[in-house]
Amino acid sequence: MALLRNTSIASDILNNLMPGGNISGNVNNFAKKLINKSPLEIRDDDSAGEITNNPFEYGVAHYPEEVAQLGMGHYMIFDIIENNIKSDFLQKNKTITSPILKNADGRVLANPVDSGVNTPLNKPTHKRIASSIILYTPPNLKTTFATDYEQAATGMAGVFAMKGVDISGKSIEMLQSMAREVVGAGFSVIPGLGDFAATRTKVTGEAVNPNIESVFKSVPMREFNYVYDFAPKNKKELDMIQKIITLFKFHMSPDVSENKAFLITPSEFNITYMYLGKQNNYIPRVARCVLKNMEIDQTPEGVVSTFMPDDKGAFPTYTKVSLSFLETEIMTKRKIAGGF
């Protein structure tokens, strides 16, 4: 399958690039690196059919500009669910927002929180959909499944619990052994007496079998890490990148109550993998998430490079953004059966 590389990035960089700080090397080579880093690759065949309209209308925050064509391929939707509590600041500040994408309510309702305090039956704190963001699906897409076990010493209790083990005739001996362990533990806490159990092992040549077993403990919350390369090729993409970064920063942060006594918890995120305009059910679904970490690298090539300045300053030619999301509930058999 052939790929069409959007080479206009190179011309824009060469025409508008204004080095900031100390830049070593040739600008042409630097522009080529940015081209190689760009996600703006689209099919030049019509195997997916023609696009009749733009599914991402109403000014929803999206990147790249060709995301309408990615609508006939792979992309991701981040629906942002904000806290039901709105401070006066949020009521008055309407600048940090993005329109809600079509069917956002349906996507969120189809992905409810099934465990914990914030289930639909318990009047959850996050219900209002604030904004939507559409981004291309990044490389290195991974889903990790894990369970947490610990090594536990069941000791004599483990022996008594073992079915099929003949302990008849050994009960007195085992009880005596347990008594020695208890007495030994008591003596061991007396300063200066040393380790009574270790001494008994040396004298008798026997050590109590700890009966170590793997014991299930819990299920860790899954984390999802996405790394996006932003290399704007025009003013529209530049503004959209700035808006997307601001939205993620804004909604991952808490607000403060009017009396400053409480922090209002940050927004949550509903993440959906999409393909050909529909949810891609071959990729494991993601439960409701919070954004726990965001890293913005504006010198990923090791040099400071910006476009020609405007009234706000000089925007970087290439920005790498790393997002780390944490699910708000654990995975169970029921969730896995639901496609997670």
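In this predicted model, Tyr-226 touches residues from several stretches of the chain, not counting residues up to four places away in sequence: Met-76, Phe-78, Pro-138, Leu-141, Ile-271, Tyr-273, Val-286, Val-321, Ser-322, Leu-323 and Phe-325. Tyr-226 also belongs to one aromatic cluster together with Phe-78, Phe-248, Phe-269 and Phe-325.

**Nonpolar cores**

The largest nonpolar core has 33 residues, and the members that touch the most others are Phe-78, Tyr-226, Phe-248 and Phe-325. At least two residues of this core come from each of β4, β5, β6 (126-136), β9, α9, β12 (268-275), β14 (289-297) and β16. The greatest contribution is that of α9, which gives seven residues. Apart from this core lies another, of six residues, including Val-67, Ile-77, Ile-134 and Met-274.

**Helix α9**

Helix α9 covers residues 235-252, 18 residues in total, and reaches 26 Å from its first C-alpha to its last, close to the 26 Å expected at 1.5 Å a residue. Its buried residues are Glu-237, Leu-238, Met-240, Ile-241, Ile-244, Ile-245, Leu-247, Phe-248 and His-251. The N-terminal end of α9 is capped by Asn-234, a side-chain oxygen of which lies 3.2 Å from the backbone nitrogen of Lys-236.

**Aromatic pairs**

The count of aromatic pairs comes to twelve. Two of the pairs are set out below.

| Pair | Geometry | Centre to centre | Angle between planes |
|---|---|---|---|
| Tyr-63 and Phe-230 | edge-to-face | 4.9 Å | 70° |
| Phe-78 and Phe-325 | stacked | 5.7 Å | 25° |

Tyr-63 counts as buried because its relative accessibility is 0%. Phe-230 is likewise buried, its relative accessible area being 2%.

**A charge over a ring**

A further aromatic contact involves a charged group: the charged end of Lys-335 sits over the ring of Phe-340, at 4.1 Å from the ring centre.

Definitions and conventions. Residues are numbered from 1 along each chain as its sequence is written. This is a predicted model: local features need pLDDT of at least 70, side-chain atom pairs count only at pLDDT 80 or more; totals for chains, interfaces and linings use all residues. Side-chain values use heavy atoms; hydrogens and water are left out. Helices (H or I, at least four residues) and strands (E, at least two) are DSSP runs, numbered from the N terminus. The expected span of a helix is 1.5 Å times one less than its number of residues. Buried means under 20% relative accessible area, exposed over 50%, partly exposed in between (1.4 Å probe, protein chains only). A polar contact is a pair of N or O atoms within 3.5 Å; within protein, one must be able to donate a hydrogen and the other to accept it, and residues adjacent in sequence count only if both atoms are side-chain atoms. Rings of Phe, Tyr and Trp (its six-membered ring) pair if their centres lie within 6.5 Å; planes under 30 degrees apart count as stacked, over 60 as edge-to-face and the rest as tilted. A charge sits over a ring if NZ of Lys or CZ of Arg is within 6 Å of the ring centre and within 35 degrees of the ring normal. A nonpolar core is a set of buried Ala, Val, Leu, Ile, Met, Phe, Trp, Tyr and Cys residues joined through side-chain atoms within 4.5 Å. Contact means heavy atoms within 4.5 Å.
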